[in-house]
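Please read the following with the sequence and the model side by side. The text goes from the contact between chains to single residues.

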Amino acid sequence: MNTIIEIDKLNLFYSDFHALRNVSLEIPEKAITAFIGPSGCGKSTLLRTFNRMNDMIQGTRIEGVCAIGGTDIYSDEVDVETLRKRVGMVFQQPNPFPKSIYDNIAYGPRLHGIKDRKKLDEIVETSLRSAALWEEVKDHLKRSAFSISGGQQQRLCIARALAVEPDILLMDEATSALDPISTLKIEELAQELKDRYTIVMVTHNMHQAARVSQQTVFFLNGEVVEYSDTEQLFSNPNDQRTEDYISGRFG
Amino acid sequence: MREEGIPSGKTAIEGIQKDKRTFKNSRNSIMDKTMPAFLLFCAVISILTTVGIVYILFTETYHFFQKVPFKEFIASGTWSPLFEPKQFGIWPLLSGTLLITVIACLVAIPLGLAAAIYLSEYAPKAVRKVIKPILEVLAGVPTIVYGYFALTFMTPIIRVLFPDVGIFNALSAGIVVGIMIIPMVCSLSEDAMSAVPRSLRDGAYALGATKFEVALKIVVPAAFSGIVASSVLAFSRAIGETMIVTVAAGATPKLTANPFDSIQTMTAYIVQVSLGDTPHGTVEYGSIFAVGATLFLITFVLNIVAQYLAKRFREEY
């Protein structure tokens, strides 16, 4: 497998708080990588480093290298908006815009200059199909995005992220606000999408990581404790702390 | 009585009975009973005052319309109550008021909105901490001060640019009324924009939107009803503004849309009559109540519209 994201000796500070300590990782292309660990361990912080969402938090400082496709995304010539077009993100709470289903999907493409109605129609349909939502909403695309269920809203947000044709999809605990059935649908969706996209997901749910991902990274106090194949990590962890965490002794 | 029901627990029951005295209110129960009545009284005072104002306004207006036909009030294009032939057509005062209000809104809504967008989306915390209190101070400046600001600062500037304009003109007063209501538009719009959840902004940023795109295409539309409500409130505030227009806009009731003209607003007319030596009970005296009632109805309707809009925007996300 090719590596798409390369992190080398990354340190991140929120003002005085040392949130990520000397993290080095290589994330493979077109596969699902899961970040697990207790709250506050830095897994979401690292995820938000990949699309530079941390930039918006005042007092954030980063040292080390975070490269996507061979380019250090924190170098000066990188345009943040272009980066975020390539690295999509889905959040913990479904956050559709207060617009119609159609306009939610079309928002991103319009932002990046697509105005042609036909082209937009096409993008909306493909994105909704990719997010396994098309059949459910095709007859009422003009309805408010709030009229559909939470699980559907989250798939809408995935479709919205896919509409700008990213290479990487970041999922920040994307199922934690959903019921088990909606969660299952999102997990199935992730499985389908991994053939075309690199997916990095943060999850509180270890079973989810075990079910869905190929690679798992275990974080503790801002450090990577263990990083290996998911099967290996859950069946035969190298580190005692990993074993303690996955067997439920803490966290 | 209870002892019969629970034969075995006699000592415990006795204990309870002994404790009974602690359930009596040992504190001053008169206080507890009179306080709510007093508080109710305070609340009632403000309600009664409002009722009283409305009552006087409308009875006096009724008396006025006994003497002056209602048809003349709404159909005549001349307002000349203080000299013969007396005519009571509301339109010149209404157009003067509207002229001031439109100028004020043209100044206040764009500037207030731009300031609100800056404060809510761009300003670092430190800057916000400085600017918001300053805006609030601006809102606390007595309007008479604004009136003299219009007359002695704004008017000379206008007269440099347009030498033909008279000392009293609608433009100067309108601009300054606008400046006066900027804090209101800004502060209410900023509240509406800050209430837009962060998650919506994050969603847009994650799609590669710039800060400006997020502000304009996500935050402003999401806060739109709140922004409209703030504008309507500002509009209604401008209609009711008195001192600035009395000082700077002149005292010439004229049906005109020319901002360089000297005009008279409804409020300024009321001031003129109340300050002059118009005897109580005359038609001229009665006319201020008719004008006041008109003003009251307009702002009342606008405030209801604003409240309706503000309520709607809560359901938007």
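This is a predicted model: local features need pLDDT of at least 70, side-chain atom pairs count only at pLDDT 80 or more; totals for chains, interfaces and linings use all residues.

Residues are numbered from 1 along each chain as its sequence is written, chains are lettered from A and ligands numbered from 1 in the order in which they are written, and side-chain values use heavy atoms, with hydrogens and water left out.

Begin where the two chains meet. In chain B, 21 residues are in contact with 25 residues of chain A, contact being heavy atoms within 4.5 Å. Between them the two chains bury about 1700 Å², of which 66% lies on carbon and sulfur atoms; buried area is the accessible area (1.4 Å probe) that two parts lose on being put together, summed over both. On the side of chain B that touches chain A, the elements giving two or more residues are helix H9 (198-206) and helix H10 (211-222) of chain B. Helices (H or I, at least four residues) and strands (E, at least two) are DSSP runs, numbered from the N terminus. H9(B) gives the most to this side, with eight residues.

How many salt bridges cross the interface of chain B and chain A? The rule finds zero there, a salt bridge being a side-chain nitrogen of Lys or Arg within 4 Å of a carboxyl oxygen of Asp or Glu. Over all chains, a search of the whole structure finds 20 salt bridges. One of them joins the side chains of Asp167(A) and Arg86(A), at 2.7 Å from N to O. This pair links distant parts of the chain, 81 residues apart: Asp167(A) is in the loop between helix H6 (150-162) and strand E7 (168-172) of chain A, and Arg86(A) is in helix H2 (residues 80-86) of chain A.

Chain B also carries a nonpolar surface patch, formed by Met31(B), Met35(B), Phe38(B), Leu39(B), Phe41(B) and Ile45(B). Together these residues have about 600 Å² of accessible area. Patches are made of residues with over 30% relative accessible area and no salt bridge; like charges are joined within 9 Å, and nonpolar side chains (Val, Leu, Ile, Met, Phe, Trp, Tyr) within 5 Å. Accessible areas come from the Shrake-Rupley method with a 1.4 Å probe, and for residues only the protein chains shown count as cover. Phe41(B) lies in helix H3 (residues 29-67) of chain B.

Finally, the backbone of chain A. Lys9(A), in strand E1 (residues 3-14) of chain A, has a phi near 45°, a positive value in a residue other than glycine.
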